[in-house]
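Please work through the exercises below with the sequence and the model side by side, trying each task before reading its solution.

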Amino acid sequence: MTARAPSTAQKRAPIGRRPAADAASAWVRRADEPAAAPKASIYTARLTIDVTPALRGRIKIVAFKRSTTAAEMLREVLEREYPEDTP
C-alpha cells in the first residue's frame with residue numbers, strides 16, 4: 001500500500017494558541033487588562049477564608065443593607081484593622 005497525500009477535504013484544521021500553563025494565574029492576570037473595572041485592577045491578590053454559612057449570610061445581608069458588596073465591605077474592614085503603617 002502506498003500512502004496518499006490528504007485531499008483538501010481531509011486536511012486538519014490549524015491548531016490555535018496554546019492555553020496558559022495555569023488557568024488560575026491567567027484569571028488573576030485579567031484584572032490588569034484595561035477592560036477591567038478601575039477598582040478591580042487595584043486588587044490583584046485573592047484571599048480565601050472559610051466561614052460558616054451563617055456568618056457568610058450575615059455578611060451578605062449587612063453588605064446588601066449598606067448598598068455595597070461583601071468584598072468591598074470586607075476590604076474596608078481589613079484596611080481599617082491592618083493599615084499600611086503597621087510595624
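**Exercise 1.** Determine how α3 and α4 are oriented to each other.

*Solution.* In this predicted model, helix α3 covers residues 53–65 and helix α4 covers residues 70–81, where helices are DSSP runs of H or I with at least four residues, numbered from the N terminus. Their axes, which are lines fitted to C-alpha atoms over the stretch in contact, lie 9 Å apart and form an angle of about 95°. Angles run from 0 to 180 degrees between N-to-C directions, and those from 65 to 115 degrees count as roughly perpendicular; α3 and α4 are therefore roughly perpendicular to each other.

Residues are numbered from 1 along each chain as its sequence is written. Local features need pLDDT of at least 70, side-chain atom pairs count only at pLDDT 80 or more, totals for chains, interfaces and linings use all residues, and side-chain values use heavy atoms, without hydrogens and water.

**Exercise 2.** Find which residues of α3 and α4 meet, and classify them.

*Solution.* With contact taken as heavy atoms within 4.5 Å, I59, V62 and A63 of α3 meet A70, M73 and L74 of α4. The residues of this contact comprise six nonpolar, no polar and no charged ones; Ala, Val, Leu, Ile, Met, Phe, Trp, Tyr, Cys and Pro count as nonpolar, Asp, Glu, Lys and Arg as charged, and the others, Gly among them, as polar.

**Exercise 3.** Describe S67: where is S67 found, and is S67 buried or exposed?

*Solution.* S67 is found in the loop between α3 and α4, and its phi is near 55°, a positive value in a residue other than glycine. Its relative accessible area is 72%, and since buried means under 20%, exposed over 50% and partly exposed in between (1.4 Å probe, protein chains only), S67 is exposed.

Notes
Helices (H or I, at least four residues) and strands (E, at least two) are DSSP runs, numbered from the N terminus. Angles under 35 degrees count as roughly parallel, over 145 as roughly antiparallel, 65 to 115 as roughly perpendicular and the rest as oblique.
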